[in-house]
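Here is a short tour of one protein model.

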Amino acid sequence: MRLRTAVATLAVLAVATAGWSATAPSASGAATTEVAAGSGCGIARGAGTRAQTVRAAGMTRTYHLTVPPGYTGQTRVPLVIDMHGAGSNAGQQALLSRAREAARQRGWIVATPDAGRTLWYLQALGGADVIFIRNVVADVSRRLCINRSRQFAMGMSNGAAMAAALTCAAPDMFAAAASVGGFNIAGPCLERPRPILAIHGTADPVVPYQGGRLSGAASGINLTVPSVPERLREWSIRNQCTSGPTTVQVVPTVHRIAYGGCAAPTELLRVRGGGHTWPGGPVLPPDRFGFTSQAIDATEEIFDFFADTFPAPG
């Protein structure tokens, strides 16, 4: 775990609401792709982030693809899908999560899809958003040399719920998921066990830790959610855990709650006093989103969780 030593300040970053303008890679000139089978192995690609488009359920949709420095196309590398919250977009999520930077340091690939509307819809197998994400993964695999056993989903708020939901709707495609500030939105399922890491603040004013009706920026979503611990308990059933949760202090304000004897890791990082924010990330307006903890770096925790759960081969 790497702790951040300085508090980033970006008060204008309003992740869960519309109306914030972020600089993002331009989609102009990007070819629309009807996804075809194939592998991008053996083809070198230049480092950087570029917008790509795919067709999904009759629509043309955009995602941003980040290739790390030193990528050669000779070795299969992990892929992380990073999803934004309700009312946000891919550019804002990239600033919030800094997943691109973490991936560059590790030599991983990140795709940041854009919902193209207010939020992600957590449909089952045939939903348009599930098809879109499936097509994004297929398109990335066509372009780049991806390790298909190390494909991961992560996100914030509504995107966090989508990340968890994808392990139910596309368990063949995603090896694990991590959810920040939205884990308890997505319902459980009885698909094959999948590792889950939830990160949630106890003072989240939008998606309440103790459960209840969504409020604030997410009030347009008519939904009442269970508590985060209750949702974790439901996941422990899916993941075939045999012993109840244990709690270990990470730092004074953060505790790791984990079930034991599981077929797949089932963990929660509980951030005391944390709001609807990304721990270790840019500081959001506290009157709308609550406190942004800098006690841990959620991005490093997530990437470490993925790496530890599915180590690199050899």
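A salt bridge here is a side-chain nitrogen of Lys or Arg within 4 Å of a carboxyl oxygen of Asp or Glu. The model is predicted. It holds 13 salt bridges. Three of them are set out below.

| Pair | N to O distance | Where the residues lie |
|---|---|---|
| R106 and E300 | 3.2 Å | helix α2 and helix α7 |
| R231 and E234 | 2.6 Å | both in helix α5 |
| R256 and E301 | 3.2 Å | strand β12 and helix α7 |

R106 is partly exposed, at 28% relative accessibility. E300 is buried, at 8%.

R256 and E301 are 45 residues apart and also link distant parts of the chain. R256 is partly exposed at 24%, while E301 is buried at 5%.

R231 and E234 sit three residues apart, about one turn of helix α5. An α-helix has 3.6 residues a turn, so residues three or four places apart point the same way. R231 is buried, at 7% relative accessibility.

A network of salt bridges links R61, R117 and D129.

Now turn to helix α2, residues 99–106. A99, R100, A102 and A103 are buried there. Seen down the axis, the buried residues of α2 fall within an arc of 165°, so they line one face of the helix. Just after α2, G107 takes a positive phi of about 80°.

Last, the hairpin. Strands β2 (residues 48–56) and β3 (residues 59–67) run antiparallel, joined by nine bridges. G48 stands opposite V67. Two residues lie between the strands, and A57 takes a positive phi near 50°.

Technical notes:
Residues are numbered from 1 along each chain as its sequence is written. This is a predicted model: local features need pLDDT of at least 70, side-chain atom pairs count only at pLDDT 80 or more; totals for chains, interfaces and linings use all residues. Side-chain values use heavy atoms; hydrogens and water are left out. Two strands pair if DSSP finds at least two bridges between them. Helices (H or I, at least four residues) and strands (E, at least two) are DSSP runs, numbered from the N terminus. Buried means under 20% relative accessible area, exposed over 50%, partly exposed in between (1.4 Å probe, protein chains only). The arc is that of the directions from the helix axis to the C-beta atoms.
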